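Here is a short briefing on one protein model. Keep the sequence and the 3D view open as you read.

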Amino acid sequence: MKFIGLIPARYASTRFPAKPLADLCGRPVVQWVYETVAQCLDEAYVCTDDERILRAVENFGGKAVMTSTAHRSGTDRCYEVYCNVGSNADVIVNIQGDEPFIHPSQLDAIRACFDDEGTQIATLVKPFTPADGLAALQNPNSPKVVVDRQMRALYFSRSVIPYLRGVESDEWLSRHTYYKHIGLYAYRAEVLRQITSLPQGILEQAESLEQLRWIENGYTIRVATTEIETIGIDTPADLQRAEEFLRNQRNTP
């Protein structure tokens, strides 16, 4: 099978404008993402609606494609690029442009989901640990996922799910395995075409999570797990955390 990696990267962000171009230890955030994806998948493109990002990607030797400014989501942006570059990839992998620490093993885990011919969509999760702390679990900017016994997503939420009735909240992480959603999706080409034509549903509008649109319309989402920590860059404070994370990695023997 052939896999294409597409990296949506918008300039306008309410909480952190221009974050794909923010400097992270000498490289723009989007470059960290692109270089990992280009190593692991058959093709890689940054999908952007801003010429400043386009030029930055071309300056570090990457491939970028301009897209419409009217897209509702990164998924829609990915489908436009998939069609426009004339790719014959079987699976489109959507990697967020603000996830600089995406790891090759995580992309491998997503690819492996499609060894099952029944997989329509795949995504990635990481188990929370007690060391993460209750504040991390309760952070609404870090969506949680509940899965069935076959590791298919049942629901995504910004709230803590499931709620452990009769258990003090400071014991939740030691009493149950909660899953943090990692911003990475993959879709079979025909499924991507279908889901980009779906209207927003009640669940997506409530939680502002586009994957709920797919579940609400009966699509199944296969879930792969990773133990590797990622830091999504949503705010300037996240960028500081990412810089500290890199410094700690470099200082670790």
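Start with a right-handed β-α-β unit, built from β4, helix α2 (residues 51-59) and β5. The model is a predicted one.

- Strand β4 covers residues 43-48, and six of its six residues are buried, so the strand is largely enclosed by the rest of the structure.
- In a regular strand, side chains alternate between the two faces of the sheet.
- In β4, Glu-43, Tyr-45 and Cys-47 point one way. Ala-44, Val-46 and Thr-48 point the other way. All of these residues are buried.
- β4 pairs with β1 in the parallel sense, over six bridges. Here Ile-7 stands opposite Val-46 of β4.
- β4 also pairs with β5 in the parallel sense, over three bridges. Val-65 in β5 is the bridge partner of Cys-47.

**Helix α1**
- Helix α1 runs over residues 29-40 and is mostly covered. Nine of its twelve residues are buried.
- Among the buried residues of α1 are Trp-32, Tyr-34, Thr-36 and Cys-40.

**The largest pocket**
- The largest pocket holds about 1600 Å³ of space.
- Its lining has 48 residues. Arg-15, Asp-98, Asn-141, Arg-158 and Asp-234 lie nearest the centre of this pocket.
- Elements that give two or more residues to this lining include β1 (3-9), α3 and β7 (121-127).
- Which element gives the most to the lining of the largest pocket? It is β10, with five residues.
- By class, the lining of the largest pocket has twelve nonpolar, 18 polar and 18 charged residues.

**The second largest pocket**
- The second largest pocket has a volume of about 250 Å³.
- This pocket is lined by 15 residues. Thr-36, Pro-100, Phe-101, Ile-102 and His-103 lie nearest its centre.
- α1 and α10 each supply at least two residues of this lining. α1 gives the most, with four residues.
- The lining of the second largest pocket divides into eight nonpolar, four polar and three charged residues.

**Ser-73**
- Ser-73 sits in the loop between β5 (64-66) and α3 (74-84).
- Is Ser-73 buried or exposed? Ser-73 has a relative accessible area of 12%, so it counts as buried, the cut-off being under 20%.
- The side chains of Ser-73 and Glu-210 are joined by a polar contact of 3.1 Å.

Conventions: Residues are numbered from 1 along each chain as its sequence is written. This is a predicted model: local features need pLDDT of at least 70, side-chain atom pairs count only at pLDDT 80 or more; totals for chains, interfaces and linings use all residues. Side-chain values use heavy atoms; hydrogens and water are left out. Buried means under 20% relative accessible area, exposed over 50%, partly exposed in between (1.4 Å probe, protein chains only). A polar contact is a pair of N or O atoms within 3.5 Å; within protein, one must be able to donate a hydrogen and the other to accept it, and residues adjacent in sequence count only if both atoms are side-chain atoms. On a 1 Å grid over the protein atoms alone, a cavity is a set of points where a 1.4 Å probe fits but cannot get out, and a pocket is an open set with protein on both sides within 12 Å along at least five of seven lines; lining residues have an atom within 4 Å of a point. Grid points are joined across faces, edges and corners, and a volume is the space filled by probe spheres set on the points. Ala, Val, Leu, Ile, Met, Phe, Trp, Tyr, Cys and Pro count as nonpolar, Asp, Glu, Lys and Arg as charged, and the others, Gly among them, as polar. Two strands pair if DSSP finds at least two bridges between them. A crossover is right-handed if, with the strands pointing away from the viewer, the path from the first strand over the helix to the second runs clockwise.
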